[in-house]
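Could you walk me through this structure in my viewer, one selection at a time? I have not seen it before and would like to know what to click and what I will find there.

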There are 2 protein chains.
Amino acid sequence: MKWDALEEEPCSLARTVAVIGDRWSLLILRECFLRIRRFDDFQASLGITRHLLADRLKKLVRFGVLRKIPYQDAPKRYEYILTQKGLDLYPIIMSIVHWGNIHMVDSRGRPMLHQHKNCQKMFDPVMVCSECGEPLSAKEVHVHPGPGARKSSPVHARAQERGKRGVEQG
Amino acid sequence: MKWDALEEEPCSLARTVAVIGDRWSLLILRECFLRIRRFDDFQASLGITRHLLADRLKKLVRFGVLRKIPYQDAPKRYEYILTQKGLDLYPIIMSIVHWGNIHMVDSRGRPMLHQHKNCQKMFDPVMVCSECGEPLSAKEVHVHPGPGARKSSPVHARAQERGKRGVEQG
DNA sequence: ATTGACAGTTCTAAAATAGAACTTAATGTC
DNA sequence: GACATTAAGTTCTATTTTAGAACTGTCAAT
């Protein structure tokens, strides 16, 4: 499968993966949220090859996640900053960090702590339902085809069938 | 950079990216949450090459995200199901889907809708602070080094400095 | 005139991926 | 018994991506 094909799929996850679903893009975005904005700073802090960095930055700009703004004129130099679309990736970044905090830390503990300016406390992110405010888990959610869906796949129908009489998941 | 190096980094995001940060792993996990469990079903619904699928499933099992359980004996056949560690990826999946819903849908609208069994309503996921319950955004969070941190990088310090007197982000 | 900062581009070698065919083990059909 | 089918991989070659290092072009400072 090609990356371009991924963008076109009738699936919001696939389309997002087309933007951020590679080894480097998420790390670049982490640096963006840590206020890194310049080519050489990204390169130095990530150890990414310059070639790939140029490529990924171009892609993130193309998708409207980052924007190039000039910070000096002679020679022309640009900074890469997050657009609103890019800032909206924050829940993704935070949920990834949180999962790592819970499941991937070593004996030394968390590399980073997060403090909420609002309440001043160290916090973890919690995902809740927009309607009732209760925390969400996979088992409490039904999935329905939306207006942008394509015809349901036979594979999924078959799996659903087996699921009903099979072993319970988890 | 090698994948193995990523696992060892003192960063919860990098360590999580080592597990799920490639083109296919997230799509495979999407299928898991849609109750797909068998090799050929993953292959048919994703169009992934069998070689890569075998490789990625092995990796996800190695990281404890999936578990192989036998569903028949002769010949031995296994299903891949999510462990608790895997189920805990749900907020990541949902926030990725939500971002796609907001920023990547075409004119036809969302491919999928999510209904909360609790309140019966169609919902969007919202990320809130575990302490005060308020919705989170990047600008409302301070980052501090935790017990597992390594010495702070000069690049980040420099970027912080520039940030204070530079253009505001966003 | 030389050095250094910055933001890339170019080059070759190594690694990962795509796409298709093949393997193994058992089951069902003619 | 011979033959096709299902399932879960493995093997093969060709193509694409990535790594790693060196190079380019502008300008400023020494």
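## Stop one: where the chains meet

Start by showing chain A and chain B together: 43 residue pairs are in polar contact between them, counting pairs with both residues at pLDDT 80 or more. Keep in mind as you go that this is a predicted model.

The size of an interface is often given as the accessible area lost when the parts come together. For chain A and chain B, the buried area is about 10400 Å², and 63% of it is on carbon and sulfur atoms.

Four salt bridges are found across this interface. To see a salt bridge up close, show the side chains of B:Arg15 and A:Asp106, which meet at 3.3 Å, N to O.

## Stop two: strands that pair across the chains

For a landmark, click A:His114, and look opposite for B:Val143 in strand 5 of chain B.

## Stop three: DNA strand C

Turn to DNA strand C and show the protein around it. There are 20 residues here, and those that come nearest are A:His51, A:Tyr71, A:Arg77, A:Tyr80 and B:Arg56. Of the DNA strand C atoms that come within 4 Å of the protein, 64% are in sugar and phosphate.

- A:Arg50 has a polar side-chain atom 2.8 Å from a base nitrogen of DNA strand C.
- A:Tyr71 places a polar side-chain atom 2.8 Å from a phosphate oxygen of DNA strand C.
- A:Arg77 has a side-chain N or O atom 2.3 Å from a base oxygen of DNA strand C.

Helix 4 (39-46), helix 5, strand 1 and strand 2 of chain A, along with helix 5 of chain B, are the elements that give two or more residues to it. By class, the surface near DNA strand C has nine nonpolar, two polar and nine charged residues.

## Stop four: DNA strand D

Now move to DNA strand D, which 21 residues surround. The closest are A:Leu52, B:Arg50, B:His51, B:Arg77 and B:Tyr80. Among the atoms of DNA strand D within 4 Å of the protein, sugar or phosphate accounts for 59%, and bases for the rest.

- B:Arg77 has a side-chain N or O atom 2.4 Å from a base nitrogen of DNA strand D.
- B:Tyr80 holds a polar side-chain atom 2.7 Å from a phosphate oxygen of DNA strand D.
- A:Ala74 has a backbone N or O atom 3.2 Å from a sugar or linking oxygen of DNA strand D.

Which element gives the most residues to the surface near DNA strand D? Select helix 5 of chain B, which gives four. The residues of this surface divide into 10 nonpolar, two polar and nine charged.

Most residues other than glycine have a negative phi, and most peptide bonds are trans. With that in mind, click B:Pro75, in the loop between strand 1 and strand 2 of chain B. The peptide bond from B:Ala74 to B:Pro75 is cis, with omega near -5°. In chain A, the bond from A:Ala74 to A:Pro75 is also cis, with omega near -5°, and A:Pro75 lies in the loop between strand 1 (66-72) and strand 2 (77-82) of chain A.

Finish at B:Arg35, in the loop between helix 3 (23-33) and helix 4 of chain B. Its phi is positive, near 75°.

Conventions: Residues are numbered from 1 along each chain as its sequence is written. Chains are lettered from A and ligands numbered from 1 in the order in which they are written. This is a predicted model: local features need pLDDT of at least 70, side-chain atom pairs count only at pLDDT 80 or more; totals for chains, interfaces and linings use all residues. Side-chain values use heavy atoms; hydrogens and water are left out. Buried area is the accessible area (1.4 Å probe) that two parts lose on being put together, summed over both. A polar contact is a pair of N or O atoms within 3.5 Å; within protein, one must be able to donate a hydrogen and the other to accept it, and residues adjacent in sequence count only if both atoms are side-chain atoms. Two strands pair if DSSP finds at least two bridges between them. A residue is near a molecule or strand if one of its heavy atoms lies within 4 Å of it. Ala, Val, Leu, Ile, Met, Phe, Trp, Tyr, Cys and Pro count as nonpolar, Asp, Glu, Lys and Arg as charged, and the others, Gly among them, as polar.
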